[in-house]
Amino acid sequence: MSKKTKLTLISIIACIGILFILNSTLGSYQLRILNLCGIYVILALSLNLINGFVGLFSLGHAGFMAIGAYTSALLTMPPEAKEMNFFLKPIVPWLANVQLSFPIALFMAGVLAAGAGVLIGAPVLRLKDDYLAIATLGFSEIIRVIFTNTQSITNGALGIKGLPYIGIFNKASEAIWWTWGVAIITIIFMALLINGSYGRAFKAIREDEIAAEAMGINLFKHKLMAFVIGSFFAGIGGALLGHLMGTIDPLMFRFLLTFNIVLIVVLGGIGSITGSVISAVIVTIAMEALRVLDGDMQIGSYIIKGIPGTRMVVFSALLMIVIIFYQRGIMGTNEFTWDWILKRQKKISEPLNKEKVS
Amino acid sequence: MAILKTDKITMKFGGLTAVSEFDMKIEKNEIIGLIGPNGAGKTTCFNMITGVYTPTEGKIYFEDKDITGEKTHEITKLGIARTFQNIRLFKELSVLDNVLIANHMRLGSNLFSSIIKTPDYRKKEKKIREKSLSLLRDVGLEDLKDEKSSSLPYGKQRRLEIARALATDPKLLILDEPAAGMNPQESNELMDFIRDIRDRFDLTIFLIEHHMQVVMGVCERIYVLDHGVKIADGTPNEIQNNEKVIEAYLGVD
């Protein structure tokens, strides 16, 4: 085993240790935010693969998340709960009595989202830039409208309430292992993918499509591949989000949700896994921390009435500042690597050794 | 057997005929030039051969196989590699990555084995890494392998582009103005370099060039295009003394 693999394993074990400590010390509100961080890490990475590494400007993430969330919800809920939810119009018979365990439902959520990725990707990936953005945005809106109108499958605008907890033992303390477990798997998956030959081909497409094609890279095949992988993880992220919230309805998967993820990816650095992870955690925590802005504010004796959504102004302004003055985001296209750390360490220790010698 | 043959290829963009009934034949291991005044249709010709455009009429044969209308990446796979008139490197990526990417098509590993890094994939990856490094050594860029490719000086970017094209294991190498922007010293080196890679990699080379010294110095046969029509072909000597060519280049009263 190489030194780097060892370091990776050690840091994964350290992560698990930290999660264990956090899980037993934090209150339920903080834990919920921590779970949300994990989910946003998954979502940001999946969007970063499509937008950052292959350079396809896709805005359809909320659509894939909706597919994932509804799939997992309908597959895990017990038949009685479904009956209670679908009081306007009964649920279709082939879904009424299905109840699968959580991991299988989660996987199915990814698979169905990936399937939608193939269906939507095949026609729209022939488009470029703004046209692709508009087409994918349209797709995610179409999904939302469809889900609002398929009353007997998705319960329409009423949404679905009472989704089971994340996990197989039906305990709240279990959630963190699923959200961060999947997040860590996603990080490792993306890192291995990007550092392989296919990852290089993806980056080549981002840099120059014409040259990439002249180097024998099948543009359509590789774009579709990345798009489908991205939608798979988006589906899983959406499913986890649904179970964490406990309630889902079509309105939840509006464009604003995609916007949040795009925001994370841009702030973190388009084309950096490390950047996406850091930024997902920071933005998720900041979104909660800035909730004070939504409430009433007292300046001296004057009270400003709270307007819900004020905190989003901060993020929008931040996004504009980043785009105008600091387009690279937190990490640019750089990554955290062990090589980098080892080199740093050498630089620091070398002068020390010299001093010792002299 | 001719390695590349075009049979009356014509390219029309709306009402404009960019190339008209162009016939050409290249034998294995030849170095062939394509010259002509600006706007004569030279690059259009290259784009038809490499599949960027599908000829409006006519057929293109590569090793006796009809490749008319094939996709660019398919044509590259068959063994035609190219460089671009206005250098198209993967700018943000390292010099080595640029060359490694060109090996992707022939790697023969699927997505899954590249992610879990199977022993087979590792072996292939190691092999292409060695091959790419040796190509970079051949073009004299080995010690710059970790630099960002856009940070290289112009002449080196051109050489990197050729190294990248060579990494696709081509039989026919198409160079679009390889000497553009080079000083006399650099273009002399380029001529030696072109002959050298032809012998070393058993290549056939087809190039567009405005730099007459280079064309006349390195090419064995030359085709001349003017307003999309072939006006002459022959050895450098014949071309230099061809009246039509002189007319096209210098104009006539």
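In chain B, B:Lys117 sits in the loop between α4 and α5, where helices (H or I, at least four residues) and strands (E, at least two) are DSSP runs numbered from the N terminus. Although B:Lys117 is not a glycine, its phi is positive, at about 55 degrees. A:Asp129 belongs to helix α7 (residues 129–149) of chain A.

The model is predicted, so local features need pLDDT of at least 70 and side-chain atom pairs count only at pLDDT 80 or more, while totals for chains, interfaces and linings use all residues. Residues are numbered from 1 along each chain as its sequence is written, chains are lettered from A and ligands numbered from 1 in the order in which they are written, and side-chain values use heavy atoms, with hydrogens and water left out.

Next comes the meeting of the two chains. Contact, meaning heavy atoms within 4.5 Å, joins 31 residues of chain B to 26 residues of chain A. The size of an interface is often given as the accessible area lost when the parts come together. The area buried between chain B and chain A (accessible area, 1.4 Å probe, that two parts lose on being put together, summed over both) is about 2500 Å², and carbon and sulfur atoms give 66% of this area. Two salt bridges are counted between the chains, a salt bridge being a side-chain nitrogen of Lys or Arg within 4 Å of a carboxyl oxygen of Asp or Glu. B:Arg88 forms a salt bridge with A:Asp208, with the closest N and O atoms 3.1 Å apart. Ten residue pairs, both at pLDDT 80 or more, are in polar contact between chain B and chain A. A polar contact is a pair of N or O atoms within 3.5 Å; within protein, one must be able to donate a hydrogen and the other to accept it, and residues adjacent in sequence count only if both atoms are side-chain atoms.

Which elements of chain B supply at least two residues each to the side that touches chain A? They are α2, α3 (95–107), α4 (111–116), α5 (119–138) and α6 (154–166). Of these, α3(B) gives the most, with seven residues. By class, this side of chain B has 14 nonpolar, eight polar and nine charged residues. Here Ala, Val, Leu, Ile, Met, Phe, Trp, Tyr, Cys and Pro count as nonpolar, Asp, Glu, Lys and Arg as charged, and the others, Gly among them, as polar.

Between them, about 1200 Å² is buried, with 69% given by carbon and sulfur atoms. The count between the domains is one salt bridge; B:Asp138 and B:Arg200 meet through their side chains in a salt bridge of 2.7 Å, N to O.
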